[in-house]
Amino acid sequence: MHELVGALRSYAWGSRTALAQLCGRPVPSAHPEAELWFGAHPADPARVRVNGHDRSLLDLLAADPQRELGSVAGEFDGRLPFLLKILAAEEPLSLQAHPSLEQARAGFARENHTGVPIDSPMRNYRDENHKPELVVALDRFEALAGFRDPNATVRLLQALAVPELAPYADLLAAQPDSAGLRTLFTTWIALPQNALATLLPKVLDGCVHYLSDRDAGNNGARKEFTAEVKTALELAEAYPGDAGVLAALLLNRITLEPGEGLFLAAGNLHAYLRGVGVEIMANSDNVLRGGLTPKHVDVPELLRVLDFEPLDLPIVAPETEAEGVFRYRTPAAEFTLRRVELAEGEPPLPLPASGPEIALCTLGAVRLTQHGRYLEVPCGRAAWISATDGPITAQAIDGPAQLFCASV
């Protein structure tokens with residue numbers, strides 16, 4: 001086992017405080033810090049500290065995949081199949097979806113054939129893998145995820161009392177299923193700019209009136225769609241004139257409390273809004289964007305991969321696997337995520353999985369022990385545990401501690 005140092009990614013939507021505080025660095029940071037990557041993705045592999053020297057995890061695995069990955073090497077072509085992250089969103093991420101495995105392979109081959117450079121901002125497919133993903137909240141985490149039940153969306157559109165929305169509400173009411181959602185989403189996301197410039201301000205006025213009515217009448221009682229309407233106004237302020245604001249009205253508005261998870265399979269449209277969480281996904285960086293971003297948006301390709309089936313709230317509650325050990329079950333073959341809670345003064349706790357594994361500390365500090373060897377992992381750092389590392393125990397140092405353990 002060795003210390004694993006994450007690769008820090010800076011994006012405009014990141015936080016100047018969250019990751020710096022978590023890792024014990026000065027606040028505020030010089031730039032918005034969005035993600036810490038703990039994995040072996042070629043775009044930004046983490047660094048393994050071996051005998052005082054840093055080495056890319058990608059290089060370490062390539063040098064001896066059998067030793068480091070064991071049977072996983074044969075199952076996943078010598079690759080670590082998951083990517084573990086800490087994500088810190090101060091502002092909304094783009095409206096996006098991820099392709100299935102078949103779609104990713106076809107898209108990657110197509111863009112290679114047409115000569116789109118792998119690092120081009122116009123590139124949709126940077127690898128040939130799919131990207132099922134799970135995020136677990138470290139603090140209150142807000143998101144849009146999956147298409148809402150169409151009947152509820154009809155109620156929302158009608159509640160805004162915007163005459164210009166009536167034809168769209170009627171369209172969905174006449175076909176309250178995935179086909180109706182596809183038609184409405186496609187219509188909105190492809191609106192000509194002049195039509196969007198007419199419709200969107202009226203919708204936002206309707207949102208303001210909806211919230212004002214709540215405050216002025218009905219004893220200030222909260223209405224059914226208060227969170228959805230507030231989110232639309234916030235997105236419109238951040239991305240004025242963006243059709244993604246309309247599309248956001250079709251999605252489930254989700255709040256995760258600390259410890260709750262959200263799983264998204266291929267094709268689910270989503271946007272993380274704010275919060276800090278641990279995220280694990282298949283080892284891919286393929287993103288199809290539909291709006292709420294200055295980055296490349298490819299609406300036809302997004303429509304090709306989207307799943308318009310209404311989605312029940314895809315919240316993943318952790319299962320108690322053992323005392324202090326909680327597992328987040330998903331259908332993804334590439335990863336399993338467990339949360340380990342360690343109390344001060346308790347005896348060492350065996351880690352629940354064998355390697356290859358990444359153990360990430362998100363609270364306090366942890367001492368890992370293997371056959372008399374010790375490794376102290378502070379908050380914001382991780383440990384790489386190879387397939388040949390024997391049983392490992394974890395113990396809190398100077399206060400409660402928390403580990404997230406990622407394995408296949």
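This is a predicted model: local features need pLDDT of at least 70, side-chain atom pairs count only at pLDDT 80 or more; totals for chains, interfaces and linings use all residues.

## Domains and annotation

The domain assignment divides the chain into domain 1, which is given as 2-144 + 256-294, domain 2, given as 148-250, and domain 3, given as 319-407. Between the C-alpha centres of domain 2 and domain 3 there is a distance of 44 Å.

An unreviewed UniProt entry carries the annotation "domain: Phosphomannose isomerase type I catalytic" for residues 3-148.

## Strand 12 and its partners

How much of strand 12 is buried? Of its 13 residues, 12 are buried, so strand 12 is largely enclosed by the rest of the structure. Strand 12 spans residues 270-282, and its pairings include an antiparallel one with strand 6 over eight bridges, in which L83 stands opposite M281 of strand 12.

Strand 8 (residues 133-137) also pairs with strand 12 in the antiparallel sense, over five bridges, and here V135 has E279 as its bridge partner in strand 12. Strand 9 (residues 141-147) runs antiparallel to strand 12 as well and is joined to it by four bridges, with A145 standing opposite H270 of strand 12.

## The largest pocket

The largest pocket has a volume of about 630 Å³. Its lining is made up of 34 residues, and those closest to the pocket centre are Y11, W13, S94, R289 and K295. The elements that contribute two or more residues to this lining are strand 3 (35-38), strand 6 (82-89) and strand 12 (270-282). Strand 12, described above as largely enclosed, provides the largest share of the lining, with four residues. By residue class, the lining of the largest pocket divides into 15 nonpolar, seven polar and 12 charged residues.

Which of the residues closest to the centre of the largest pocket bears an "active site" annotation in UniProt? The unreviewed entry places that annotation on R289, a residue found in strand 13 (residues 288-291). Is R289 buried or exposed? With 17% relative accessibility, R289 counts as buried, because the cut-off for a buried residue is under 20% relative accessible area.

## The second largest pocket

A volume of about 540 Å³ is found for the second largest pocket, which is lined by 25 residues, with R79, D127, E128, N129 and N283 lying nearest its centre. Helix 2 (57-63) and helix 5 (101-113) are the elements that give two or more residues to this lining, and helix 2 gives the most, with three residues. The lining of the second largest pocket consists of 11 nonpolar, five polar and nine charged residues.

## The later part of the chain

Strand 18 pairs with strand 23 (residues 393-396) in the antiparallel sense over two bridges, and L349 stands opposite A394 of strand 23.

Y328 belongs to strand 16 (residues 325-328) and, at 2% relative accessibility, counts as buried. Although Y328 and L303 are 25 residues apart along the chain, the model places their C-alpha atoms at a separation of 30 Å.

Key
Residues are numbered from 1 along each chain as its sequence is written. Side-chain values use heavy atoms; hydrogens and water are left out. Domain bounds come from an automatic or database domain assignment. UniProt positions are given in the numbering used here, feature names are shortened, and annotations may be inferred rather than shown by experiment. Two strands pair if DSSP finds at least two bridges between them. On a 1 Å grid over the protein atoms alone, a cavity is a set of points where a 1.4 Å probe fits but cannot get out, and a pocket is an open set with protein on both sides within 12 Å along at least five of seven lines; lining residues have an atom within 4 Å of a point. Grid points are joined across faces, edges and corners, and a volume is the space filled by probe spheres set on the points. Ala, Val, Leu, Ile, Met, Phe, Trp, Tyr, Cys and Pro count as nonpolar, Asp, Glu, Lys and Arg as charged, and the others, Gly among them, as polar. Buried means under 20% relative accessible area, exposed over 50%, partly exposed in between (1.4 Å probe, protein chains only).
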